[in-house]
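Subject: Structure handover

Hello,

Please find the structure below. My notes on it follow, written for someone who has not seen it before.

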Amino acid sequence: MGCNAYISDNEILENENLNEVTLTSLISENKKTIYTKYKTPKDFIRTKPFNEFASFINHLPLKSDKLKARLYDGTEKLNDYVYVGVLDLPQPKNNVQYNGNAILRLRAEFLYKTKQFDKINFKTSSRQELKSFLEFAGDDLSSKKFNEYLEYLLYNVNPSHLHHHLISVPLKEMQIGDVLIQRSQSRGHAAIVMDMASDNNGNKLFLLAHAFYPGQDIYIASNLENDDINPWYPLKDGPIVTPEWRFMPNDLMRFK
């Protein structure tokens with residue numbers, strides 16, 4: 001298997017103890033924000049969000065620990081050891097919130113909450129017929145209409161739409177709100193940087209969120225390779241191995 005690859009459940013379960021993964025001392029129970037739930041390791045301090053989108057991403061609420069990630073049809077996501085928290089956002093009822101679509105949803109939420117209605121437009125050169133929010137909504141800018149637009153948007157987009165609105169950045173320059181994205185696989189995949197921390201020696205850590213296929217809640221990924229810093233990931237050269245996907249250093253991108 002190459003580094004750019006989906007990681008199957010069978011591969012994960014080669015370690016029969018994974019289902020017994022427990023919360024590390026860095027994860028506080030019953031906390032509902034990233035700041036309060038995920039403590040930084042010793043000697044690390046959180047990175048200040050560098051723009052409005054980063055701040056929005058960094059402060060999204062989390063569901064109660066008792067609530068599992070669910071698929072679009074309401075059933076629970078079975079492999080619950082791959083995540084340590086679930087974003088408290090209502091999920092579209094159709095099978096549309098997964099992979100890159102989930103990140104487009106977060107970007108659209110940010111633009112709507114900050115009243116940048118004219119920028120809720122994810123057309124590409126090959127899909128000009130895709131409606132912007134203002135074309136879809138007309139004079140109705142209500143949250144109800146926006147949620148209807150989300151259903152329309154996510155039904156009609158694919159990873160190329162997300163990629164079209166991103167620019168590549170070096171891995172060492174990672175910031176909150178950056179995206180890891182691959183289009184080389186049959187479905188491709190994407191994850192978003194939710195939080196970061198650093199120490200006085202220049203070492204950096206980051207948290208990732210994504211939603212897998214089929215459509216499901218967006219969740220904070222576990223770090224099954226290093227339980228001492230779970231759910232933080234070290235920023236270093238080489239593949240970024242999440243429980244369900246491997247990303248490469250050159251997969252990092254940022255919204256334009």
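**Two helices in contact**

The crossing of α4 and α6 is right-handed, a term used when the near helix is turned clockwise from the far one by less than a right angle, with anticlockwise giving left-handed. Before going further: this is a predicted model, in which local features need pLDDT of at least 70 and side-chain atom pairs count only at pLDDT 80 or more, while totals for chains, interfaces and linings use all residues. Residues are numbered from 1 along each chain as its sequence is written, and side-chain values use heavy atoms, with hydrogens and water left out.

Helix α4 covers residues 99–113 and helix α6 residues 143–156; they pack at an angle of about 155°, and their axes are 11 Å apart. That makes α4 roughly antiparallel to α6 (angles over 145 degrees count as roughly antiparallel, under 35 as roughly parallel, 65 to 115 as roughly perpendicular and the rest as oblique). Axes here are lines fitted to C-alpha atoms, for helices over the stretch in contact, and angles run from 0 to 180 degrees between N-to-C directions. Helices (H or I, at least four residues) and strands (E, at least two) are DSSP runs, numbered from the N terminus.

From α4, the residues making the contact are Asn101, Arg105, Ala108, Glu109 and Tyr112, and from α6 they are Ser143, Phe146, Leu150, Leu153 and Leu154. Contact means heavy atoms within 4.5 Å. By class, six of these residues are nonpolar, two polar and two charged (Ala, Val, Leu, Ile, Met, Phe, Trp, Tyr, Cys and Pro count as nonpolar, Asp, Glu, Lys and Arg as charged, and the others, Gly among them, as polar).

Asn101 of α4 is buried, with a relative accessible area of 2%. Buried means under 20% relative accessible area, exposed over 50%, and partly exposed in between (1.4 Å probe, protein chains only). Leaving aside neighbours within four places in sequence, Asn101 is in contact with Val96, Leu154, Val157 and Asn158. Its C-alpha atom is separated by 9.4 Å from that of His189, 88 residues apart along the chain.

**The strands**

His189 is also the bridge partner, in β5, of Gln182. Strand β4 (residues 179–182) has Val179 and Ile181 pointing one way and Leu180 and Gln182 the other way, and all are buried. In a regular strand the side chains alternate between the two faces of the sheet. Four bridges join β4 to β5 in an antiparallel pair; two strands pair if DSSP finds at least two bridges between them. β4 is also antiparallel to strand β11 (residues 252–255), with two bridges, and there Leu180 has Leu252 as its partner.

In the loop between β3 (166–168) and β4 lies Gly177, which counts as buried at 3% relative accessibility. Not counting residues up to four places away in sequence, Gly177 touches Phe53, Ile192, Val193 and Phe255.

Strand β6 (residues 204–210) is mostly covered, with six of its seven residues buried. β6 pairs with strand β5 (residues 189–198) in the antiparallel sense over six bridges. Five residues lie between the strands of this hairpin, where Gly202 takes a positive phi near 85°. Leu205 of β6 is the bridge partner of Ala197 and stands opposite Pro234 in β8. β6 is also antiparallel to strand β8 (residues 233–234), over two bridges, and to strand β7 (residues 219–221), over two bridges. In β7, Ile220 is the bridge partner of Ala209.

Regards
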